[in-house]
Amino acid sequence: GAAMMKSDKQWYQRRVRGKSKWEVSFPTAGGHSKVTGNMRVQVHYYEDGNVQLLTNKEVEESVQLSSPAEGAAHIVQFIKSSETAYQIAINENYHKMSDTTFKALRRNLPITQSLIDWHKLQSLKVGKDIMNR
């Protein structure tokens, strides 16, 4: 059997999309079940710029099936703990990147320490072109 989970959340200046695919192979006669999962997350961060992070992780576990109810509980627990650990790791990495990598990617302010009004510069150029004709 297989299960697909999808999530899409948006915060101010950040959009996060996640998709997980889980497959469970059941043995014909009790024993252990093989659970494999592929978790994908896309983070789109924008603050006067545009940075994207796309990551995925594959996990696998052998889950004991002593009874159907207990086996299902073990499978759900494995999926939950895998998703939680992956999300925590992404959040920790994201915060580290916010303090280092994202700041390095941002354009520094000019010597005036204020943002450039690109629309104003374009209109000045158009005005200058008209006067030169």
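1. Fold. The protein chain contains three helices and four strands. In sequence order these elements give the pattern β-β-β-β-α-α-α. The model is a predicted one, and the points below should be read accordingly.

2. Confidence. The protein chain has a mean pLDDT of 76, with 65% of its residues at 70 or more. Among its elements, strand E4 (residues 51-64) has the highest mean pLDDT, 88, while strand E1 (residues 2-11) has the lowest, 60. Where pLDDT is low, the predicted coordinates should not be read in detail.

3. Surface and contacts. Of the 133 residues, 20% are buried. Considering contacts between residues at least 6 apart in sequence, 43% join residues at least 24 apart.

4. Nonpolar core. The largest nonpolar core comprises 18 residues, and those with the most contacts inside it are Trp-22, Val-35, Val-41, Val-43 and Ile-75. At least two residues of this core come from each of E2, strand E3 (32-45), E4 and H1. H1 provides the largest share, six residues.

5. Aromatic pair. One aromatic pair is present in the structure. The ring centres of Trp-22 and Phe-78 lie 5.9 Å apart and the ring planes stand at 85 degrees; because an angle over 60 degrees counts as edge-to-face, the pair is assigned to that class. The pair links distant parts of the chain, with Trp-22 in strand E2 (residues 14-25) and Phe-78 in helix H1 (residues 68-99), 56 residues apart.

6. Gln-64. This residue belongs to strand E4. Its relative accessibility is 46%, so Gln-64 counts as partly exposed. Which residues does Gln-64 contact, leaving aside its neighbours within four places in sequence? They are Gly-31, His-32, Gly-71 and His-74. For Gln-64 and His-32, the C-alpha to C-alpha distance is 4.4 Å, although the two residues are 32 apart in sequence.

Key. Residues numbered from 1 in each chain as written. Predicted model: local features only at pLDDT ≥ 70, side-chain atom pairs only at ≥ 80, totals over all residues. Heavy atoms only, no water. Phe/Tyr/Trp six-rings, centres within 6.5 Å; stacked < 30°, edge-to-face > 60°. Buried < 20%, exposed > 50% of the residue type's maximum accessible area, 1.4 Å probe, protein only. Contact = heavy atoms within 4.5 Å. pLDDT = per-residue confidence, 0-100. Core = buried A, V, L, I, M, F, W, Y, C linked by side-chain atoms within 4.5 Å.
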